[in-house]
Amino acid sequence: MTEQSEQERVVELIRGAGVAMMTYAGPDGALVSKPMATQETEFDGTIRFIAERSSDKVRALQADPRVNVTYNDKGSWVSVAGTARIVDDVEKLEELWSSFTSSWLEGGPDNPENVLIEVEGATAEYWAAPGGSTVTSLANLVKSKVTGKRIEGDNATVDLG
């Protein structure tokens with residue numbers, strides 16, 4: 001695969017999952033993971049989330065912006081290592097805001113408490129089981145047990161920078 005097609009594969013797998021676990025260092029240095037709904041993924045490696053400015057995660061990211069964002073969906077997994085930044089962009093919030101967002105955050109995109117978390121991915125690694133569905137994954141598991149051969153999936157580490 002070319003570097004561009006590997007980057008496109010990462011984006012495709014992320015779009016399929018939608019919800020991520022974002023891991024960052026808390027105030028005491030311990031790693032913390034929180035579920036986050038991906039708002040937008042661009043081919044340049046930027047992942048966007050919406051959060052409340054006063055939240056523990058935003059304060060922690062302002063102190064230490066290193067993050068790892070992971071996705072899991074139908075036999076595929078993606079791990080993106082990168083750097084987060086807090087962005088005040090009402091126009092982008094308006095573009096990304098949805099009824100789903102309203103059910104978690106108050107006041108809409110005009111509320112100054114709502115901000116974007118933009119994660120610039122440096123690298124990503126993905127693993128994708130052949131077939132990409134639960135039924136196919138189970139069939140591959142049975143086939144592996146019967147034949148004694150391991151399952152060969154798709155795996156690559158991709159430079160996003």
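How many helices and how many strands does the protein chain have? The protein chain has 5 helices and 8 strands, where helices (H or I, at least four residues) and strands (E, at least two) are DSSP runs numbered from the N terminus. This is a predicted model, in which local features need pLDDT of at least 70 and side-chain atom pairs count only at pLDDT 80 or more, while totals for chains, interfaces and linings use all residues. Residues are numbered from 1 along each chain as its sequence is written, and side-chain values use heavy atoms, with hydrogens and water left out.

**Overall organisation and confidence**

- Read from the N terminus, the elements of the protein chain follow the order α-β-β-β-β-α-β-β-α-α-β-α-β.
- The average pLDDT (the predictor's confidence in each residue, from 0 to 100) of the protein chain is 86, and 83% of the residues score at least 70.
- Over residues 135-141, pLDDT stays under 50. For this stretch the model has 7 contacts (heavy atoms within 4.5 Å) beyond four places in sequence.
- Among the contacts in the protein chain with a separation of 6 or more, 67% join residues 24 or more positions apart.
- Of the 161 residues in the protein chain, 39% are buried; buried means under 20% relative accessible area, exposed means over 50%, and partly exposed lies in between (1.4 Å probe, protein chains only).

**Nonpolar cores**

- A nonpolar core is a set of buried Ala, Val, Leu, Ile, Met, Phe, Trp, Tyr and Cys residues joined through side-chain atoms within 4.5 Å.
- The largest nonpolar core has 27 residues, of which Met22, Phe49, Val69, Ile117 and Val119 touch the most other members.
- The elements that give two or more residues to this core include helix H1 (3-17), strand E1 (19-25), helix H2 (56-63) and strand E5 (66-73). Strand E7 (114-128) is also one of them, and E7 gives the most, with 5 residues.
- Apart from this core lies another, of 7 residues, among them Val87, Leu93, Trp97 and Leu116.
- Leaving aside neighbours within four places in sequence, Val69 is in contact with Ala20, Met21, Met22, Phe49, Val78, Ser79, Val80 and Val119.

**The largest pocket**

- On a 1 Å grid over the protein atoms alone, a pocket is an open set of points where a 1.4 Å probe fits, with protein on both sides within 12 Å along at least five of seven lines; lining residues have an atom within 4 Å of a point.
- The volume of the largest pocket is about 370 Å³; grid points are joined across faces, edges and corners, and a volume is the space filled by probe spheres set on the points.
- Its lining has 16 residues, and Pro35, Met36, Ala37, Ile50 and Trp104 lie nearest the centre of the pocket.
- Strand E2 (31-37), strand E4 (46-52) and helix H4 (99-102) are the elements that give two or more residues to this lining.
- The lining residues divide into 10 nonpolar, 3 polar and 3 charged. Here Ala, Val, Leu, Ile, Met, Phe, Trp, Tyr, Cys and Pro count as nonpolar, Asp, Glu, Lys and Arg as charged, and the others, Gly among them, as polar.

**Individual residues**

- Lys74 is found in the loop between E5 and E6, and Lys74 counts as exposed because its relative accessibility is 56%.
- Lys74 has a positive phi of about 45 degrees although it is not a glycine. Most residues other than glycine have a negative phi.
- Gln39 is found in the loop between E2 and strand E3 (40-41). With a relative accessible area of 21%, Gln39 is partly exposed.
- Not counting residues up to four places away in sequence, Gln39 touches Arg48, Phe49, Ile50, Leu96 and Thr101. The C-alpha atoms of Gln39 and Ile50 are separated by 7.3 Å.
- Glu6, in helix H1, is buried, with a relative accessible area of 18%. Glu6 and Thr157 are 151 residues apart along the chain, and their C-alpha atoms are separated by 8.4 Å.
- Leu31 lies in strand E2 and counts as exposed, at 70% relative accessibility.
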